[in-house]
Amino acid sequence: MTSAHLQRVLTSVILLPLLGWAIISGDPVLSLAIAAVACLGLLEFYAMFWPLREKIGWKAGGTLLALGLVWAPLTWSGTALACLAMLGVALAFLVQHDRERFPDALRDSQILLAGLLYLPFILRLFRTVAAPEIGLVLLTTFAADTGAYYAGSYLGGAKIWPSVSPKKTWAGSVGGFAASIAVSTAFGLAFGTAGWQAFALLGAGLNIAAQTGDFFESALKRRQGIKDSGWVLPGHGGILDRIDSLLFTLPLYCGLTALFPFFA
């Protein structure tokens, strides 16, 4: 086991029990955890555009707004609309990435708003779903990342999108896809009320969202000329490197469950 791999495993062993405790405890522990992750991730996002001590005032203002957004009594529909808007912008960014049509310089206000839509607006959705649903989304998303990591590492093969993510392979993509379906189906059989077919399809959809979120953050980092979003999680990089997939799977799940309930 390499040093980086060992760090990755140890970090997960430490964080997963803490995450489980926050989910089981509910509010205010869960909301405090969401706020902490949102603020740390937001600072990493802003650091991509405003490195070191640059624009400290904007960073501080964005962090305070993030805390307000996480705790604000917004309706689900208002939050969902903001999340869908963010996803639309993210997809447009990916489409234009190779065409070099995306603006090279963004105004400070646009960066501030983009960060708020990307992190606290989405992460606050955790406050609108029940504990089993949180577990489903988290485990299915983690399965996508873990399955892709190990399948890609051991099987290798052709790359999916080298200009965005040089290391991601088709083998890893298929491995993560299978892992997401397996975990979602198993979780649904254990705790859900819908049929296993519904949870299998849900796992497939969440995996596609997870891979899109991963590609989005990779493209963003490449455009800004950085390898990792941060260093706070040994073996994983930064907060954004760990939750980039989750920022896409969470709003998708909330949208789907509004149309089709997976839990009673």
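## Close-up views of a predicted model

**View 1. Asp145 counts as buried, with a relative accessibility of 13%.** Here, buried means under 20% relative accessible area, exposed means over 50%, and partly exposed is anything in between, using a 1.4 Å probe and protein chains only. This is a predicted model, so local features need pLDDT of at least 70 and side-chain atom pairs count only at pLDDT 80 or more, while totals for chains, interfaces and linings use all residues. Residues are numbered from 1 along each chain as its sequence is written, and side-chain values use heavy atoms, with hydrogens and water left out. Asp145 pairs up with Arg242 in a salt bridge, with 2.9 Å between the closest N and O atoms; the term covers a side-chain nitrogen of Lys or Arg within 4 Å of a carboxyl oxygen of Asp or Glu. Because Asp145 sits in helix α7 (residues 131-155) and Arg242 in helix α10 (residues 239-243), the pair ties together parts that are 97 residues apart in sequence. Helices are DSSP runs of H or I with at least four residues, strands are runs of E with at least two, and both are numbered from the N terminus. Arg242 counts as buried too, at 17% relative accessibility.

**View 2. Asp214 and Lys168 join their side chains in a salt bridge, 3.3 Å from N to O.** This one links distant parts of the chain: Asp214 belongs to helix α9 (residues 196-224) and Lys168 to strand β2 (residues 165-169), 46 residues apart.

View 3. Counting by the salt-bridge rule gives 4.

**View 4. Helix α8 takes in residues 170-191.** Those 22 residues reach 31 Å from first C-alpha to last, close to the 32 Å expected at 1.5 Å a residue; the expected span is 1.5 Å times one less than the number of residues. Which residues of α8 are buried? They are Gly172, Ser173, Gly176, Ser180, Ser184, Thr185, Phe187 and Gly188. These buried residues pack against α7, β1 (159-161), β2 and α9.

**View 5. Ser180, in helix α8, counts as buried at 0% relative accessibility.** Its neighbours in contact (heavy atoms within 4.5 Å) are Thr140, Ala143, Ala144, Gly203 and Asn207, leaving aside residues up to four places away in sequence. With Asn207, the Ser180 side chain also makes a side-chain polar contact of 3.1 Å. A polar contact is a pair of N or O atoms within 3.5 Å; within protein, one must be able to donate a hydrogen and the other to accept it, and residues adjacent in sequence count only if both atoms are side-chain atoms.

**View 6. Ala198 lies in helix α9 and touches Phe260 and Phe262, not counting residues up to four places away in sequence.** Ala198 is buried, with a relative accessible area of 18%. From Ala198 to Thr185 is 13 residues in sequence and 8.1 Å in space, C-alpha to C-alpha.

**View 7. Phe199 and Phe262 make a tilted ring pair.** A search of the whole structure turns up 16 aromatic pairs. For Phe199 and Phe262, the ring centres are 5.5 Å apart and the planes stand at 55 degrees, so the pair is tilted. Phe199 lies in helix α9 and Phe262 in the segment after α11 (246-259), so the pair ties together parts that are 63 residues apart in sequence. Rings of Phe, Tyr and Trp (its six-membered ring) pair if their centres lie within 6.5 Å; planes under 30 degrees apart count as stacked, over 60 as edge-to-face and the rest as tilted. Both partners are buried: Phe199 has a relative accessible area of 0%, and Phe262 comes in at 5%.

**View 8. Eight residues make up one aromatic cluster: Phe45, Tyr46, Phe49, Trp50, Trp58, Tyr118, Phe216 and Phe248.** A pair of aromatic rings is described by the distance of the centres and the angle of the planes.
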